[in-house]
Amino acid sequence: MVVTNNSGPLAAVLTGPGEPITLHNFAKPNVKRGEVLLHTMYSEVCGTDVHIQQGKLAGVPYPIIPGHFAVGTVEETGGDVQSVSGRPIIRGDIVTFLDVHATCHRCWQCQVNKAPTKCPSRKVYGVSHSSNEGLLGGWSEMILLQNDVAITHLPENVSPLRFIAGGCAMPTAVHAVERGKVGLGDIVVVQGAGPVGLCTGIVAYHSGARVLIADKSTVRLEAAHTLGFEVLDLSTSDNAQSLLEYATQGQRADVVIEATGSPSAIQSGISLVRDAGRYVVVGHYSDAGSTTINPHLDINKKHLEILGTWGVEYIHFHKAIGLLARKELTPSGIKIEDAMTTIYPLHEVNKALSDVRERRVVKAVICANSGD
Ligand SMILES: [Zn+2]
Ligand SMILES: [Zn+2]
């Protein structure tokens, strides 16, 4: 790990696919009108960061400062700046922001297709900004929020650690559950007990569903169990269908939501859905390869609805924070920040990344200013 010795804010830089992360000092940014400089409290390592390091996500302008979700205190503002709700943003406030910005609201995707997450102008902190542009990623002691970034204060009962425990997974889960039109009394199977899977379980639970979470990782099944979910333990049997039918007295799921990132999970997931049910894919934000399905048996004869889920809009972020404010967030009442997170200082970011890659932890949180 390289640390240069000027005194500006330290940030973790990924120079290219397969490269280790190195730490570098950057010049403290000049905050222009409408911008906000954050003193970072927490950021996170998610599966997408692993894929970015492996070069599996197209269009990443290496070198980058990774980390798309973060929370921090306001260090400086460029004049009067307001949150999305219109509240003034003042030095010392604890705020977070939607990583997605620069959506144009005037292109075909935005205006005709009403699919703003497909807007070609869209930029994402920690993903689609080069580190040559400045501190535009979360694995950094400071983050510069440009003047078009949607910023919000955290509600009083959402601690920064709880917010980051939900992280990017929670709004992604809100979007996936919305796509699956999950409703009261539905049986929902979530494939994968990583952060997206667990958050999907939480959102589906609050939508009134009976939730079963499938995985084969002991660490992740333990987290699902601790949060109070029924589990389908694929380490004891790879026949998810018989595990589900045993748990439900022969019923299949109204909705199955894939959150594994593994192409081989698709056929198995489809087999768990009842006729005329819905199958939502959310775990394939990067290209993990192909799989084979039978169009007659798996889609047409089954009268199946298959839905993708690309990115999030501010509304999903807003709903996720509202959900995080609930007192009884999980079926067991255990706090997600206690059950899901492992905290690493910024200089241990390579270890955090490899622990996520090897699924040794559920959610790796980066404490950017551990010396505070
Ligand atoms: Zn993410
Ligand atoms: Zn657009």
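## Backbone features of a predicted model

Over residues 16-366 the chain is 27% helix and 23% strand. The end C-alpha atoms of this stretch lie 20 Å apart. The model is predicted. A UniProt annotation, from an unreviewed entry, covers residues 16-366 and reads "domain: Enoyl reductase (ER)". According to the record's terms, such an annotation may be inferred rather than shown by experiment.

**A cis peptide bond**

Which residues does the cis peptide bond join? It joins Y62 and P63. Omega there is about 0°. P63 sits in a loop. That loop runs between α1 (47-53) and β4 (70-77).

**Positive phi at two alanines**

A102 has a positive phi, near 65°, and is not a glycine. Where is A102 found? A102 lies in the loop between β6 (100-101) and α2 (108-111). Its relative accessible area is 27%, so A102 counts as partly exposed.

A276 is not a glycine either, yet its phi is positive, at about 65°. Here the setting is a strand: A276 belongs to β14, residues 273-281. The relative accessibility of A276 is 35%, so this residue is partly exposed.

The table sets out the two residues.

| Residue | Phi | Place | Relative accessible area |

Conventions: Residues are numbered from 1 along each chain as its sequence is written. Chains are lettered from A and ligands numbered from 1 in the order in which they are written. This is a predicted model: local features need pLDDT of at least 70, side-chain atom pairs count only at pLDDT 80 or more; totals for chains, interfaces and linings use all residues. Side-chain values use heavy atoms; hydrogens and water are left out. Helices (H or I, at least four residues) and strands (E, at least two) are DSSP runs, numbered from the N terminus. Buried means under 20% relative accessible area, exposed over 50%, partly exposed in between (1.4 Å probe, protein chains only).
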